[in-house]
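Thanks for coming, everyone. I have one structure to walk through today. Please have a look at it first.

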Amino acid sequence: MARGPASPLGVDAFAPAFCEAGGEPDWLARFRAAGAERFRTAGLPTNREESWKYTSLRPLARAKYELSDATPDAIEAPAPLIDGAAQLVFVNGRLRVDLSDLDKVAANVRPWAEVQGEDWLQALVEAAGPAEQQMYALNAAAFTDGAAIRLTEGETLARPLEIVFLAAPGDRPAMWHPRIAIDVERGASATVLERHVALADGAYLANHGADIRVGDSGRLAYAKLQAEGLDARHLAMTRVAVGADALYDSFVLTTGAALS
């Protein structure tokens, strides 16, 4: 019996994790559908693509990752690295409001589900264009949680913000695909530190997606500290739009993960 063409790398492994768009606004349903279609068509990046020429993602297709649907209760947020910073804490890709102290920046930082119907978030994501890069497309199709940060014109974030991603892997390989959106309007400014910390040994895939806009004359200082576990795979894509006379000051320090 003749066999049909094989699916692109990783499609069979990851397509079951795609989320249904029930209860989400139409624009987000379209965004998810476009990401799912892109990933089903292209699959994981391979060595045939110039950007991935020296990086093989074949182990991801074989690992049989499962979406993490629970987070351990007995977890404490680490002390902030920046004095006086507010913390937004995720555990296994899911926002934990009980571990966060959003009261310090309540007007500016909210869970994704609370703002997904607002025009500014739609404009931010759609202005960046379709999810062409495959891992970003996978994130768009599979993300279950996230957060949005917005500063209106001329506003300064009251405190530095630490976005803390804690990994608490279990016995089976897990994965999560959180999303962050940051909109710094004209003349506004903020300082953000993104931290990734492994709380235990174990295999997991952290596949992050973010869209950032810094408006004209705005300022965003954005640092990232990646200290995932040694059996982790950490992949992330951030799409950034920077306006006239604006500053996006980025710094990344990577100390962990088997693949980053």
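This is a predicted model: local features need pLDDT of at least 70, side-chain atom pairs count only at pLDDT 80 or more; totals for chains, interfaces and linings use all residues.

Aromatics first. How many aromatic pairs does the structure hold? Six. Let me take one of them, Phe31 with Tyr136. Their ring centres are 6.3 Å apart and the planes stand at 80°, so this pair is edge-to-face. Now look at where the two sit. Phe31 is in helix H2, residues 26-42, and Tyr136 is in helix H6, residues 134-142. So the pair ties together parts that are 105 residues apart in sequence. Are these two residues buried or exposed? Phe31 is buried, with a relative accessible area of 10%. Tyr136 is buried too, at 1%.

The next pair is Phe90 with Phe165. This one is stacked. Centre to centre it is 4.8 Å, with 25° between the planes. Here the partners come from strands. Phe90 belongs to strand S2, residues 86-91, and Phe165 to strand S6, residues 161-167. They are 75 residues apart in sequence, so this pair also ties together separate parts of the chain. Phe90 and Phe165 are both buried.

There is also a cluster. Phe14, Phe18 and Phe39 are linked by ring pairs.

Now to charges over a ring. The ring to find is Phe143. Which residue has its charged end over that ring, 4.1 Å from the centre? That is Arg32. Arg179 also lies over the face of Phe143, at 5.5 Å from the ring centre.

On to helix H5, residues 119-127. Which of its residues are buried? Trp120, Leu121, Leu124 and Val125. Why do they fall on the same side of H5? They cover an arc of only 125° around the axis, and that puts them on one side. An α-helix has 3.6 residues a turn, so residues three or four places apart point the same way. Just past the end of H5 comes Gly129, with a positive phi of about 95°.

Next, Asp101. Find it in the loop between strand S3, 94-95, and strand S4, 109-111. Why does Asp101 count as buried? Its relative accessibility is 19%, and the cut-off for buried is under 20%. What does its side chain reach? A polar atom of that side chain lies 2.5 Å from the backbone nitrogen of Gln87. The Asp101 side chain also has a polar contact with the side chain of Lys104, at 3.3 Å. Setting aside residues up to four places away in sequence, Asp101 touches Ala85, Ala86 and Gln87.

Last stop, Ser260. It sits in the segment after strand S13, residues 247-254. Which residues does Ser260 contact, leaving aside neighbours within four places in sequence? Gln226, His234 and Thr254. With Gln226, there is a polar contact between the two side chains, at 2.9 Å. One more distance for Ser260. Ala232 is 28 residues from it in sequence, and the C-alpha to C-alpha distance is 8.4 Å.

Look for the edge-to-face pair of Phe31 and Tyr136. Then look for Asp101, with its side chain by the backbone nitrogen of Gln87 at 2.5 Å. That's my tour. Over to you.

Methods: Residues are numbered from 1 along each chain as its sequence is written. Side-chain values use heavy atoms; hydrogens and water are left out. Buried means under 20% relative accessible area, exposed over 50%, partly exposed in between (1.4 Å probe, protein chains only). Helices (H or I, at least four residues) and strands (E, at least two) are DSSP runs, numbered from the N terminus. The arc is that of the directions from the helix axis to the C-beta atoms. A polar contact is a pair of N or O atoms within 3.5 Å; within protein, one must be able to donate a hydrogen and the other to accept it, and residues adjacent in sequence count only if both atoms are side-chain atoms. Contact means heavy atoms within 4.5 Å. Rings of Phe, Tyr and Trp (its six-membered ring) pair if their centres lie within 6.5 Å; planes under 30 degrees apart count as stacked, over 60 as edge-to-face and the rest as tilted. A charge sits over a ring if NZ of Lys or CZ of Arg is within 6 Å of the ring centre and within 35 degrees of the ring normal.
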